[in-house]
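Me: I would like to go through this model with you, one region at a time. Please keep the answers plain.

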Amino acid sequence: MPVLSISVTANLQRIMNILYMQTPKGGRCDIDMIESAIDIYLQMSSEAYSTLLRQMPEKQRNVFLAIAAEKRVKNISGGKFVHKYRLPSASSVVSAVKGLLEKDFITCEDGEYFVYDHFFQLWLEENRLNTEN
C-alpha cells in the first residue's frame with residue numbers, strides 16, 4: 001500500500017477526532033464545524049507539509065507546485081505548461097513526474113495529473129505556495 005494513501009486515511013481520522021472533541025456532549029456536528037476542523041488540521045500539519053516540500057529535490061518541487069497551481073494537468077510535458085511555470089524542459093518535467101508518482105505525491109487519473117493528498121493541496125492553496133515559482 002502506498003505510504004501517502006495510508007496518510008490520507010490517517011488525515012481523515014484526525015479530522016474526525018477533532019470533530020469529536022469539538023462536538024458538545026449530546027450535540028450535533030454541523031458543516032461549520034467540519035470546515036473549522038479542516039482548518040485546525042491544516043494548521044497542525046503545516047510543519048509536516050513544509051518539511052515534505054523542503055525535502056523534495058528542486059526540480060520535483062517546482063513541478064509539484066506547478067501541478068498544484070493548475071489543480072489538474074493533462075498535457076504535463078507540453079510547452080504551454082513548461083513555459084508557464086518556467087520549468088527547465090519537457091524531459092525534466094517527465095523525469096520529475098516519474099519521481100513524484102513513485103513517491104505518491106501526485107497521481108494520474110484519466111490522463112490528468114494532480115496532487116494525491118487533497119489536504120496537502122488545500123494547504124498549498126491556503127499558503128499560496130503553489131504560485132511561488
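Me: Where does Ala37 lie?

Reply: Ala37 lies in helix α2. Please bear in mind that this is a predicted model.

Me: Is Ala37 buried or exposed?

Reply: Ala37 is buried, because its relative accessible area is 0%, and buried means under 20%.

Me: Which residues is Ala37 in contact with, leaving aside its neighbours within four places in sequence?

Reply: With those neighbours set aside, Ala37 is in contact with Ile15, Ile18, Leu19 and Gln22.

Me: Which residues of α3 are buried?

Reply: The buried residues of α3 are Gln60, Val63, Phe64, Leu65, Ala66, Ile67 and Ala68. For Ala66 the relative accessible area is 0%.

Me: What covers the buried residues of α3?

Reply: The cover includes the helices α2 (31–55), α4 (79–84), α5 (90–102) and α6 (118–127). Strands β1 (106–109) and β2 (112–115) are also included.

Me: How far apart are Ala66 and Glu109 in space?

Reply: They are 17 Å apart, C-alpha to C-alpha, with 43 residues of separation in sequence.

Me: What happens just after α3?

Reply: Lys71 takes a positive phi of about 75° there. For context, most residues other than glycine have a negative phi.

Me: What about Asp104, buried or exposed?

Reply: Asp104 is buried, at a relative accessible area of 17%. This residue is found in the loop between α5 and β1, and its phi is near 60°, a positive value in a residue other than glycine.

Me: Next, the strands. In which sense do β1 and β2 pair?

Reply: They pair in the antiparallel sense, over four bridges. Cys108 stands opposite Tyr113 in β2. The hairpin has two residues between the strands, and Asp110 takes a positive phi near 55° in this hairpin.

Me: You mentioned a cysteine. How many disulfides does the count come to?

Reply: The count comes to zero disulfides.

Me: How accessible are Cys29 and Cys108?

Reply: Cys29 counts as partly exposed, at 39% relative accessibility. Cys108 is partly exposed too, with a relative accessible area of 36%.

Me: A change of topic: how many aromatic pairs does a search of the whole structure find?

Reply: The search finds seven aromatic pairs. One of them is formed by Phe81 and Tyr85, and it is tilted, with 5.4 Å centre to centre and 55° between the planes. Phe81 counts as buried at 7% relative accessibility, and Tyr85 is buried at 11%.

Me: Why is the pair of Phe120 and Trp123 tilted?

Reply: The planes of the two rings are at 55°, so the pair is tilted; the ring centres are 6.1 Å apart.

Me: Where do Phe120 and Trp123 lie?

Reply: Both lie in helix α6, three residues apart, about one turn of the helix. Phe120 and Trp123 are both buried.

Me: Which residues do ring pairs link into a cluster?

Reply: The cluster consists of Tyr49, Phe64, Phe105, Phe120 and Trp123. Phe64 is one of the buried residues of α3.

Me: Finally, which ring does the charged end of Arg72 sit over?

Reply: The charged end of Arg72 sits over the ring of Phe114, 3.9 Å from its centre.

How values were computed. Residues numbered from 1 in each chain as written. Predicted model: local features only at pLDDT ≥ 70, side-chain atom pairs only at ≥ 80, totals over all residues. Heavy atoms only, no water. Buried < 20%, exposed > 50% of the residue type's maximum accessible area, 1.4 Å probe, protein only. Contact = heavy atoms within 4.5 Å. Pairing = 2+ DSSP bridges. Phe/Tyr/Trp six-rings, centres within 6.5 Å; stacked < 30°, edge-to-face > 60°. Lys NZ or Arg CZ within 6 Å of the ring centre and 35° of its normal. Disulfide = S-S within 2.5 Å.
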